[in-house]
Amino acid sequence: MGNGTTIVNETHTPASVRGPAVAPSHLRRRASTRIKEKLIETALFFAALSSVLTTIAIVVVLVEESLLFFEHVPIWDFISGTEWTPLFDNPKYGILPLLMGTLVTSSIALCVAVPMGTIIAIYLSEFAGFRAREIAKPFLELLAGIPTVVYGYFALLFVTPILQLLLPNLPGFNMLSAGLVMGIMIVPYVSSICEDAMRAVPMGLREGSFAMGATRLQTASNVVVPAAFSGIAAAYILGISRAVGETMVLAIAAGNQPNFTLNPMEPAQTITAYIVAVSLGDLPHGGVGYQTIFAAGLTLLLMTLGFNIGGHWLRRKYREAY
Amino acid sequence: MSIGTEKTAESLQEIRDLIAKHKRWDRIFIVIGLLCLMVGVLAFAALFLSMVWHGWERLTPEFFTSFPSRKAGQAGILSAWVGSVLVMLVTALAAVPLGVMAGVYLEEYAPKNWLTDIIEINVTNLAGVPSIVYGLLALGVFVYALGFGRSILSAGLTLALLILPVVIVATREAIRAIPVGIREGAYALGATKWQTTRDHIIPYSSAGILTGVIIGLARAIGETAPIITIGALTFIAFLPPPPLTDTFPFVSFEWLMAPFTVMPIQMFNWVSRPEEAFQVNAAAAGIVLVVMTLLMNGLAIWLRYRLRKNLKW
């Protein structure tokens, strides 16, 4: 305990001597201690506030640079243009090709991650024994910790060659393999949140279902999943946010050419991959080219924000209270 | 009478068939569930083995002590791993105090009011912001507005902001596990709030906080996109100035401002080259990177496991 202890051990003073019910001066905390306590509390408060400042700074930086960008480019051209060639002599600033790339790759990733994540979660929460769960959960966690640049290597140099055996016309850079690998990458996130939600469903609901003669699978699909729906929806939303914000797999394996297409067999560029591609070159600070990455970043932030708000709303709407 | 028994037997058979059918579905689902888990295991095995297959021969001691080079066979990861270590140092020094302080405030001090609500919602939302957006923030604030340039300091602070939510959440969870009785005991002995926090809350939650910090750093060490965004160079054939010098005052902070590269960027650079020889280097760098993050995450999982076993309030 040591130095800050303020209550001094004293000989007993009779209450009558002490007078009114105010602590005697030697029992009161020293003013210096009180000031120190207050200072520390203030310091802690500012540390907590730093996270809010981060958010404000993100918004300010993105909006400020984007506003400069929109002085050059009409906002409608940005939203509706189908050509994105900001670094050409005749620049076109239509975000749609990048948006399309993001949507196609994210959809592929979700087609992998949502079913797999849900099935793994149901299996671990409703079927697997204690030991299987104790092994599988840390393993999934380790899988989630692998750097995304490594997954990019995997997509480009392992998955794409294998896919090319099945689909001979597949180009070396394509959205399909990047999306598939991204899906595998997201599975641990989806499954772990889904599983937490399902395990939070009280045992009594399951017991009731079993008592009615339902099997495990019937209980899982008719009782547990509906009861945990808000949490499962939150897991899916997180998966979408991850997929939309994922960068390196796409920058490495999807090809870096803006491409206004829905065909996953073609190469394309996503919003995130564009930001990386521009940052790799040495763009002068302050030009329109420099501002494009902030406009792209703002689009990305608004998208993930939209998904997060949607997830919040879903969770509110379908929350089951026990 | 005999007709009734027959009917019972028939419907009994029906029920048994129904049960068998549903049990069959149970078994089918178990197979599907195991298959899905297997896909995860196989993907990981394929990822790791394909890198080992390609990159194993490059993992010589020289690989760790050579600078990147235009000749793939002589290239190494010296500047990359030194850069990673230094960036992690800055990240840890910034994120740990800030995150722990914020966590302590939210758990122990924060009054129930709208400001606290905003901070809490904000921490949750920050965890969902794509990492590349942090890179843009850093480009605008650290690189240009504050003038830190494309330095180790900028990179370390960027990653610190990125893992701040992880540290805050881990701190809060660790603190929440401490029973109220501990605090009441300290207060009953006349300890002030800060004395209670410093001498009891922080020490008792330190293992949990450490777990969170390691997980956060493991994430930071593999993070590529935000560092590319602030403009880390991909070809660095020198080391930052050493932090210790032989002249007074013996420490130098020049390294904070030095240009740098980190492991994932070095790997990205090699992957994106068309020559096969560089992709072999990428595989070797990938092995080092994966082993590093696996060790860190494994350490965190083990710590948490031990903590759960030993800690009984």
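Predicted model: local features only at pLDDT ≥ 70, side-chain atom pairs only at ≥ 80, totals over all residues.
## Where the chains meet

## Helix 3 against helix 8 in chain B

Helix 3 of chain B spans residues 78–109, and helix 8 of chain B spans residues 193–222. The two pack at an angle of about 135 degrees, with their axes 9 Å apart. That angle makes helix 3 of chain B oblique to helix 8 of chain B. The crossing is right-handed.

Helix 3 of chain B brings residues including B:Ser84, B:Met88, B:Ala95, B:Val100 and B:Glu108 to the contact. From helix 8 of chain B come B:Thr197, B:Ile201, B:Val213, B:Gly216 and B:Ile221, among others. Twelve residues of this contact are nonpolar, four are polar and one is charged.

## Helix 5 against helix 6 in chain B

A second pair joins helix 5 of chain B, residues 131–145, to helix 6 of chain B, residues 152–176. Their axes lie 10 Å apart, at an angle of about 135 degrees. Helix 5 of chain B is therefore oblique to helix 6 of chain B. It passes helix 6 of chain B in a right-handed crossing.

On the helix 5 side, the residues are B:Ser131, B:Tyr134, B:Gly135, B:Ala138, B:Phe142 and B:Val143. They meet B:Ser154, B:Leu157, B:Thr158, B:Leu161 and B:Leu162 in helix 6 of chain B. The contact has seven nonpolar, four polar and no charged residues.

## The nonpolar core

The largest nonpolar core holds 186 residues. Which of them touch the most other members? They are A:Ala155, A:Val181, A:Val190, A:Val249, A:Ile252, B:Ile163 and B:Val167.

Take B:Val167. Not counting residues up to four places away in sequence, B:Val167 touches B:Ala95, B:Val96, B:Gly99, B:Val100, B:Gly212, B:Val213 and B:Gly216.

## Helix 10 and B:Met267

Helix 10 of chain B runs over residues 263–271 and includes B:Met267. Nine of its nine residues are buried, so helix 10 of chain B is largely enclosed by the rest of the structure. Among the buried residues are B:Pro264, B:Phe268 and B:Trp270.

Is B:Met267 buried or exposed? B:Met267 is buried, because 30 other C-beta atoms lie within 10 Å. Leaving aside neighbours within four places in sequence, B:Met267 is in contact with A:Val149, B:Ala282, B:Ala285, B:Gly286 and B:Leu289.

## B:Gly222 in helix 8

B:Gly222 sits in helix 8 of chain B. It counts as buried because it has 25 C-beta neighbours inside 10 Å. Leaving aside neighbours within four places in sequence, B:Gly222 is in contact with A:Pro147, A:Thr148, A:Val149, B:Pro264, B:Leu289 and B:Thr293. Two of these partners, A:Val149 and B:Leu289, are also contacts of B:Met267. B:Gly222 and B:Ala207 are 15 residues apart along the chain, and their C-alpha atoms are separated by 23 Å.

Notes. Residues numbered from 1 in each chain as written. Chains lettered and ligands numbered in written order. Axes fitted to C-alpha atoms, helices over the stretch in contact; angles between N-to-C directions. Helix = DSSP H or I, 4+ residues; strand = E, 2+ residues; numbered from the N terminus. Parallel < 35°, antiparallel > 145°, perpendicular 65-115°, else oblique. Left-handed = near helix turned anticlockwise from the far one by under 90°. Contact = placed C-beta atoms within 7 Å. Nonpolar A, V, L, I, M, F, W, Y, C, P; charged D, E, K, R; others polar. Core = buried A, V, L, I, M, F, W, Y, C linked by C-beta atoms within 7 Å. Buried ≥ 20, exposed ≤ 12 C-beta atoms within 10 Å, placed from the backbone.
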